[in-house]
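The following note sets out numbered points for discussion. Please read each point alongside the displayed coordinates.

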Amino acid sequence: MRISYFKPGSLEEISELKVQEGSHLFSGGTDLFVKMRYGVFKPKMLIDTKGVRDDPKFDGEKLIIPMNTTYSELLDMGEVMKDFPLLEDAMKEVGSPQIRNRGTPVGNVCNASPAGDFLLTATVMDADVVIAPKMRKMKLKEFVKGPGIVDLKNGEFLYSIEIPRWQGYEHYFEKVGRRNAMNISIASIALLIRFNGDVVEDVKIGFGSVGPRIVMYEDLEERMKGMKLNESLVDEISREYMRRIEPITDLRATKRYRKILVRNLLLKAFHLLKGVV
Ligand SMILES: Cc1cc2nc3c(=O)[nH]c(=O)nc-3n(C[C@H](O)[C@H](O)[C@H](O)COP(=O)(O)OP(=O)(O)OC[C@H]3O[C@@H](n4cnc5c(N)ncnc54)[C@H](O)[C@@H]3O)c2cc1C
């Protein structure tokens, strides 16, 4: 089947083309082209967004990542990345140098896979998304509705992601897969925590690959606040995450294995951050 290709030079043109039936946007194509090869998508029209180019920037409070910004470009912003160490750790784990040179955070978010490393960390960091052409803004965690499903109406597309800086927080990121590189995770964790001595002042914990969306439990985060991070708290909290999380069994791992992994990832994170066993 013939596929037409367009590379528009403005946001308005992208929007006009996107309303046409069978059209699909792409930036790096590292998700879309794989899905096309497996017949998941059969587009009639491909819209290459790379004709519109804005640079990523840090305005002192948040990192603004426009569409078409690659992981490599962000990782090259050395000084800025020092303020976003959780994001940096996650991005370094994405694919391979080739994938990081081509793939984009905006593509990762719009692909809306619960295994997406950038999606996990940006959700934990409470990112906002800006939706073109009207530049409507919303929370990333509300934008992603389910696997592959995002809140975009006809003619809309994702313009940028805005990530606040979490100053004074310690962080932890890990993904577990069946091999070390080029891996889709079995489970992953991203964690931000601020201590006053041994007492937890604030905490954000997210898990990837263990549900249809990124899994976060606000009430469990609240329960930890003001508490001393000791063995009994860590034991109680990690058991509760394991009890609640309802992953699926798939080719990569069983439901039971994933549940145990969730508890162990939390135990490992707290042990490495605070030496609690
Ligand atoms: C070998 C390999 C290894 C990988 N390893 C990892 C990994 O370790 N971790 C990980 O998280 N991912 C991984 N991926 C997946 C992929 O590389 C990432 O998700 C990447 O960030 C996708 O970015 P992209 O620009 O290539 O997306 P694209 O493929 O261009 O687009 C992805 C989806 O988003 C849509 N889209 C793109 N731009 C927009 C927009 N502006 N508005 C609305 N919709 C849009 C597209 O239509 C498509 O559905 C891997 C992929 C491959 C092939």
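1. Helix H12 (residues 255–274) has 20 residues, which at 1.5 Å a residue should span 28 Å; its end C-alpha atoms are 29 Å apart, so the two values agree. The expected span is 1.5 Å times one less than the number of residues. Helices (H or I, at least four residues) and strands (E, at least two) are DSSP runs, numbered from the N terminus.

2. The model is a predicted one: local features need pLDDT of at least 70, side-chain atom pairs count only at pLDDT 80 or more, and totals for chains, interfaces and linings use all residues. Residues are numbered from 1 along each chain as its sequence is written.

3. Which residues of H12 are buried? They are Arg258, Lys259, Leu261, Val262, Leu265, Leu266, Ala269 and Phe270. These residues cover an arc of only 160 degrees around the axis, which puts them on the same side of H12. The arc is that of the directions from the helix axis to the C-beta atoms. An α-helix has 3.6 residues a turn, so residues three or four places apart point the same way. Arg256, His271 and Leu272 are exposed, on the face of H12 turned away from its buried side. (Buried: 20 or more other C-beta atoms within 10 Å of the residue's own; exposed: 12 or fewer; partly exposed in between; C-beta atoms are placed from the backbone.)

4. The buried residues of H12 pack against strands S11 (170–176), S12 (187–196) and S13 (199–208) and against helix H11 (231–244). After H12 comes Gly275, with a positive phi near 70 degrees.

5. The domain assignment, automatic or from a database, gives domain 1 (4–49 + 57–164) and domain 2 (170–274). Their C-alpha centres lie 25 Å apart. In domain 1, 19 residues are in contact with 18 residues of domain 2, contact meaning C-beta atoms, placed from the backbone, within 7 Å. On the domain 1 side, helix H5 (85–92), H8 and strand S8 (144–146) each give two or more residues; the largest share, 6 residues, comes from H8.

6. The ligand is surrounded by 30 residues, the closest being Gly28, Gly103, Gly107, Asn108 and Cys110; a residue is near if its C-beta atom, placed from the backbone, lies within 6 Å. Elements giving two or more residues to this shell include strand S2 (23–26), helix H7 (105–111) and helix H8 (117–124). H7 gives the most, with 5 residues.

Methods: Contact = placed C-beta atoms within 7 Å.
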